[in-house]
Amino acid sequence: MEVHIASPDDAAEIAQQLGELLGEIMDATGQKAFNFKFEEASSRLGDFLRQGKYFVLVTRMESGEMSGFVTMYESFALYAEGAFGTIAELFVRPEYRSRGIGLHLCEAAKDFGVKRGWRRLEVTTPPLPEFDRTLGCYERQGFSVTGGRKLKCVL
């Protein structure tokens, strides 16, 4: 398995897996929290990658099949003492879980952030029992709960 930085050519394959991730989240919560449209997501991701607004690391098996990905974006804040990264999505296909792929993606994301000069890497998980395993995975990677809840306001 290898981890590499995605290019716009990978956008459709990543968008397909993003749809799988969002479907899993909605199934677990019983809420239609996302309005995922494959073509729009694929096009938007390609644009984000070309513009350098979004960073995606992907894992591929020896067969060439993409087994997972992590997406990140850069932000700036006084509380973070400058530039920092946020993990927007992390997904490993079900058939490849429990093989250390999520670990490799987290390590690669942290290394990527260090190279960009980020002071920290943040991630949000839903505060629901269905995501306790996800929270545990992040905590084993050195992430710690900082409090608060993620909120949104549709504009």
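Predicted model: local features only at pLDDT ≥ 70, side-chain atom pairs only at ≥ 80, totals over all residues.
What covers the buried residues of α3?

**View A. Cover over α3.** The elements that cover the buried residues of α3 include β1 (2-5), β2, β3, β4, β5 (121-123) and α4 (132-140).

**View B. The two sides of α3.** I101, L105, C106, A108, A109, F112 and G113 are the buried residues shown in α3. Around the axis they cover an arc of only 165 degrees, and therefore lie on the same side of α3. V114 and K115, on the other side of α3, are exposed.

**View C. Length and end of α3.** With 16 residues at 1.5 Å a residue, α3 should span 22 Å; this agrees with its end C-alpha atoms, which are 22 Å apart.

**View D. The largest nonpolar core.** This core has 19 residues, of which L57, V70, M72, I87, W118 and L121 touch the most other members. At least two residues of the core come from each of β2 (55-60), β3 (66-77), β4 (82-92) and α3 (101-116). The element that gives the most is α3, with 6 residues.

**View E. Surroundings of L121.** Apart from neighbours within four places in sequence, the contacts of L121 are M72, G85, T86, I87, A109, K110 and F143.

View F. In soluble globular proteins, nonpolar side chains tend to be buried together.

Methods. Residues numbered from 1 in each chain as written. Heavy atoms only, no water. Core = buried A, V, L, I, M, F, W, Y, C linked by side-chain atoms within 4.5 Å. Buried < 20%, exposed > 50% of the residue type's maximum accessible area, 1.4 Å probe, protein only. Helix = DSSP H or I, 4+ residues; strand = E, 2+ residues; numbered from the N terminus. Contact = heavy atoms within 4.5 Å. Expected span 1.5 Å × (residues − 1). Arc of directions from axis to C-beta.
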